[in-house]
Amino acid sequence: MELAINAVLLTLLVAISLGIIRQRSLFGVVLLAGAYSFLIASILIVLDAVDVAMTEAAVGAGISTVVLLATLHLTGSMEYPKPRPAVLPLFVCAVTGVALIWGTWDLPGFGVAVAPIHQATVPEYLRVAEAHLIAPNVVTAVLADYRGYDTMGETTVVFTAGIGVMLLLRGRRKVGADAGLDAKPGAKT
Amino acid sequence: MFHVAVIAVLVALVLAVFRALAGPGVFDRMLAANSIGSLAILLLAGLGFLNGRPEWLDIGITYGLLNAVSTLAVLKFFRHGDLAFDAEDEA
Amino acid sequence: MALLIDALSWLCIVTGSGFVVVGAIGMVRMPDLFTRMQAASLIDTVGAGLLLFGFMLQAGFGLVTVKLVVLLALFFFIGPMVSHALAQAALHEGVKPILAEDRRGRLDRKAKAGGK
Amino acid sequence: MKQDVILRVGVKTVFPFILMFALYVHFHGDYGPGGGFQAGVIIAAGIILYALVFGSAAAKRVAPVAVVERLVPAGVLIYVFGGIPGLFAGKRFLDYTVYAQDPLHGHEWGVFIVEGGVIVTVAATMIAIFYAFGDRARG
């Protein structure tokens with residue numbers, strides 16, 4: 001059952017990705033990206049990664065659509081047609097993809113109990129979490145307690161990203177207005 | 001019994017994704033995206049009961065709340081061409 | 001009693017599944033945006049309502065049922081709101097619904113063209 | 001969207017529940033899915049929803065720009081200062097056992113404070129980015 005659900009959802013993901021690539025109107029791209037994030041959150045739930053699924057749902061479906069639309073307002077909503085077929089990028093992508101697939105042959109199978117990650121750190125975490133912590137959700141315990149330094153770094157990353165975006169958007173105003181970019185969402189399809 | 005619900009929702013998801021890819025206009029795509037959100041919530045509820053972990057419904061509530069945000073953002077963008085348009089400016 | 005509740009939840013879940021599939025088929029098969037919207041609203045109202053009610057009967061009293069009620073309230077509040085906003089934006093943007101007269105006219109024309 | 005009575009009433013009804021649900025996700029993060037980051041994103045989404053329907057001026061009365069932009073670094077500082085009492089007690093940085101007599105309760109308090117820092121930073125950053133985009137679009 002789980003395999004069938006995964007197969008259907010992954011096929012839908014591939015279909016939506018192809019749709020995003022073929023889409024010329026950037027509005028369509030934003031909408032399809034929202035649908036994509038819902039589907040990938042469903043896959044994460046089937047894989048039992050509940051915290052990640054919640055993050056994906058919150059960020060991908062809620063915030064990123066709004067931010068992408070705000071960006072479209074600043075840039076214009078149609079993708080320019082490509083001047084010529086790009087052979088070299090296709091070649092690079094194909095080679096990289098083949099190399100990645102080749103690399104997965106050495107990885108342990110999905111969900112196999114003898115995989116290194118299930119041998120080294122995870123049993124230790126679970127043992128300590130059971131003995132020392134109240135929090136039943138071990139993900140929270142790992143994030144905020146064992147890996148407290150990492151989470152502090154992540155908070156700083158969010159802070160830095162926010163400051164960067166604010167500086168970029170505040171910086172010099174009305175530069176794009178003269179550069180021939182249409183600021184209105186003109187071409188509605 | 002939950003199998004029935006999950007299979008039905010998956011079939012509906014396939015059809016909704018077809019509409020999202022085929023839909024001639026932006027509004028058709030938006031309708032399909034909204035339906036995909038609703039179907040994802042139902043799929044999640046069904047899966048939670050199927051796997052005996054119904055506390056996953058928290059994620060479903062998150063989906064439900066945020067689905068509205070993205071859809072309303074797109075609609076506002078279409079109505080006014082601006083996300084932060086002030087209602088007071090409207091005559 | 002338990003058997004009765006089980007049977008009732010079976011009935012709700014199967015009927016709700018049927019409505020979900022029917023709504024999705026309508027979303028693909030209907031001719032224009034507004035009729036598609038009407039078909040899609042079937043998923044949000046009857047389909048989701050019956051499915052979640054069936055789940056509620058399975059879950060019994062507890063936190064899970066409270067969450068399902070919240071989810072149901074969310075569907076019933078936000079679904080119509082979004083549908084309304086979508087229809088209004090589409091009308092504002094100049095998407096015209098296909099009216100019965102248009103259809104009939106088109107059908108007549110098609111029949112005439114076919115007849116000639 | 002001022003004339004849209006349905007949207008205004010609907011959003012006004014849903015808005016407090018979004019904020020309540022964000023707090024639930026935050027406090028319930030120990031027991032179920034969720035935590036500070038997700039709760040922060042949900043709070044930001046609530047404020048953005050309010051801004052979309054009632055206009056950004058109304059939203060800026062709810063969450064003023066100055067406050068939001070000061071909260072962005074304040075969250076990081078909450079996180080860092082949550083770790084400092086451990087140093088004073090002669091233990092390591094971010095050691096939560098100093099917060100209560102019982103080390104278990106100390107851990108709970110420590111996670112609570114640290115996640116509070118995360119929620120503040122994330123929510124404020126998202127809202128500030130949204131405001132920045134809106135102001136930029138205005139010219």
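1. In chain A, residues 24 or more positions apart account for 56% of the contacts with a separation of 6 or more, contact here meaning heavy atoms within 4.5 Å. The chain has 8 helices and 0 strands, and its pattern along the sequence reads α-α-α-α-α-α-α-α; helices (H or I, at least four residues) and strands (E, at least two) are DSSP runs, numbered from the N terminus.

2. The basis of these values should be kept in mind: the model is predicted, local features need pLDDT of at least 70, side-chain atom pairs count only at pLDDT 80 or more, and totals for chains, interfaces and linings use all residues. Residues are numbered from 1 along each chain as its sequence is written, chains are lettered from A and ligands numbered from 1 in the order in which they are written, and side-chain values use heavy atoms, with hydrogens and water left out.

3. Of the 189 residues of chain A, 33% count as buried, where buried is under 20% relative accessible area, exposed is over 50%, and partly exposed lies in between (1.4 Å probe, protein chains only). Chain A exposes about 11300 Å², of which carbon and sulfur atoms supply 71%; accessible areas come from the Shrake-Rupley method with a 1.4 Å probe, and for residues only the protein chains shown count as cover.

4. Between chain B and chain A, 37 residues of chain B are in contact with 36 residues of chain A, and the two chains bury about 3300 Å² between them, 83% of it on carbon and sulfur atoms. Buried area is the accessible area (1.4 Å probe) that two parts lose on being put together, summed over both.

5. How many salt bridges and polar contacts are there between chain B and chain A? The count is 0 salt bridges, each defined as a side-chain nitrogen of Lys or Arg within 4 Å of a carboxyl oxygen of Asp or Glu, and 0 residue pairs in polar contact with both at pLDDT 80 or more. A polar contact is a pair of N or O atoms within 3.5 Å; within protein, one must be able to donate a hydrogen and the other to accept it, and residues adjacent in sequence count only if both atoms are side-chain atoms.

6. On the side of chain B that touches chain A, the elements giving two or more residues are α1 (2–22), α2 (26–50) and α3 (57–80) of chain B, and α3(B) gives the most, with 12 residues. By class, this side divides into 27 nonpolar, 6 polar and 4 charged residues, with Ala, Val, Leu, Ile, Met, Phe, Trp, Tyr, Cys and Pro counted as nonpolar, Asp, Glu, Lys and Arg as charged, and the others, Gly among them, as polar.

7. Between chain C and chain B, 42 residues of chain C are in contact with 41 residues of chain B, and about 3600 Å² is buried, 82% of it on carbon and sulfur atoms. The count here is 2 salt bridges, including one in which the side chains of C:Arg36 and B:Asp28 meet at 2.4 Å, N to O.

8. D:Tyr50 is found in helix α2 (residues 36–54) of chain D and is buried, with a relative accessible area of 19%. Not counting residues up to four places away in sequence, D:Tyr50 touches D:Phe15, D:Gly55, D:Ala58, D:Ala59 and D:Val62.
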